[in-house]
Amino acid sequence: TKMEIRRDHLEPEFFYHIYNRGINSEDVYKNKDNYLYFLKKAKEFLLPVADIYAYCLMKNHFHLLVRIKSEVELKSFFDSQNKNTKIRAEGIHALHSIVSKQFAKLMSSYTQAFNKYYNRHGSLFETPFKRIRITDEVYLRNCIIYIHQNSLDINEQLEKYDFSSYKIILSNSKTELKREEVISYFEDIDNFKFCHQRIVEI
């Protein structure tokens, strides 16, 4: 099952499908460097608070499947960032705000670089970013397939598209992506590939 609330708190140890697009469906990636820079920033801001299971970046939007880290890990990250502040139950210093703040930093940091390079001003992404909490393993599997199949919309073969996690999951290259865990949801790599042959809507 899924639970869709635009402002649903990102809670420890839950899976979320996070997605967002450019304002007025404007392109947010115009060349290869833009895609790579976004992925680099995603690692920098998200990996301290979440594990990344799948992603696909398209010209005017992105999809991410993440699992938020444990409360202990989030507290430890918070303490490392805020020497003199205690975690509070609500507000910007609440545990659930820590994760949202990292996503906001990713988008704002990418937007600043994009705006500077293309000499544009203002917001690039819609706000707030969309999030769907996933609490069911069938939906989780379908979400992974759905995210990867985005590249089919532009007639790109799954295994050839450079800006999705599908290619990385099939490879042996070093990655911070949760490759083994993703494969385990499909039992093995052959079934992972097989399941991606059927078009999935979520």
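The questions and answers below cover a helix pair, some backbone features and one histidine in a predicted model.

Student: What should I know about the numbering and the cut-offs of the model?
Tutor: Residues are numbered from 1 along each chain as its sequence is written, and side-chain values use heavy atoms, with hydrogens and water left out. Because the model is predicted, local features need pLDDT of at least 70, totals for chains, interfaces and linings use all residues, and side-chain atom pairs count only at pLDDT 80 or more.

Student: At what angle do H2 and H3 pack?
Tutor: Two packed helices are described by the angle between their axes and the distance between the axes. Helices (H or I, at least four residues) and strands (E, at least two) are DSSP runs, numbered from the N terminus; axes are lines fitted to C-alpha atoms, for helices over the stretch in contact, with angles from 0 to 180 degrees between N-to-C directions. The axes of H2 (residues 71–81) and H3 (residues 95–118) lie 10 Å apart, at an angle of about 70 degrees. That makes the pair roughly perpendicular (65 to 115 degrees).

Student: Which residues of H3 make the contact with H2?
Tutor: Contact means heavy atoms within 4.5 Å. H2 contributes Glu71, Leu74, Lys75, Phe77 and Phe78, and H3 contributes Leu95, Ile98, Val99 and Gln102.

Student: Where is the cis peptide bond that involves proline 128?
Tutor: Most peptide bonds are trans. Proline 128 sits in the loop between H3 and strand E5 (130–134). With omega at about -10 degrees, the cis bond joins threonine 127 and proline 128.

Student: Is glutamate 13, with its positive phi, buried or partly exposed?
Tutor: Most residues other than glycine have a negative phi. Glutamate 13, in the loop between strand E1 (2–4) and strand E2 (15–21), has a positive phi of about 70 degrees. Buried means under 20% relative accessible area, exposed over 50%, and partly exposed in between (1.4 Å probe, protein chains only). At 44%, glutamate 13 is partly exposed.

Student: What is the phi of serine 25?
Tutor: Serine 25 lies in the loop between E2 and helix H1 (32–46) and is partly exposed, at 33% relative accessible area. Although serine 25 is not a glycine, its phi is positive, about 60 degrees.

Student: Which side chain makes a polar contact with the side chain of histidine 63?
Tutor: Histidine 63 is in strand E4 (residues 61–68) and counts as buried at 5% relative accessibility. A polar contact is a pair of N or O atoms within 3.5 Å; within protein, one must be able to donate a hydrogen and the other to accept it, and residues adjacent in sequence count only if both atoms are side-chain atoms. At 3.3 Å, the partner is asparagine 150.

Methods
Angles under 35 degrees count as roughly parallel, over 145 as roughly antiparallel, 65 to 115 as roughly perpendicular and the rest as oblique.
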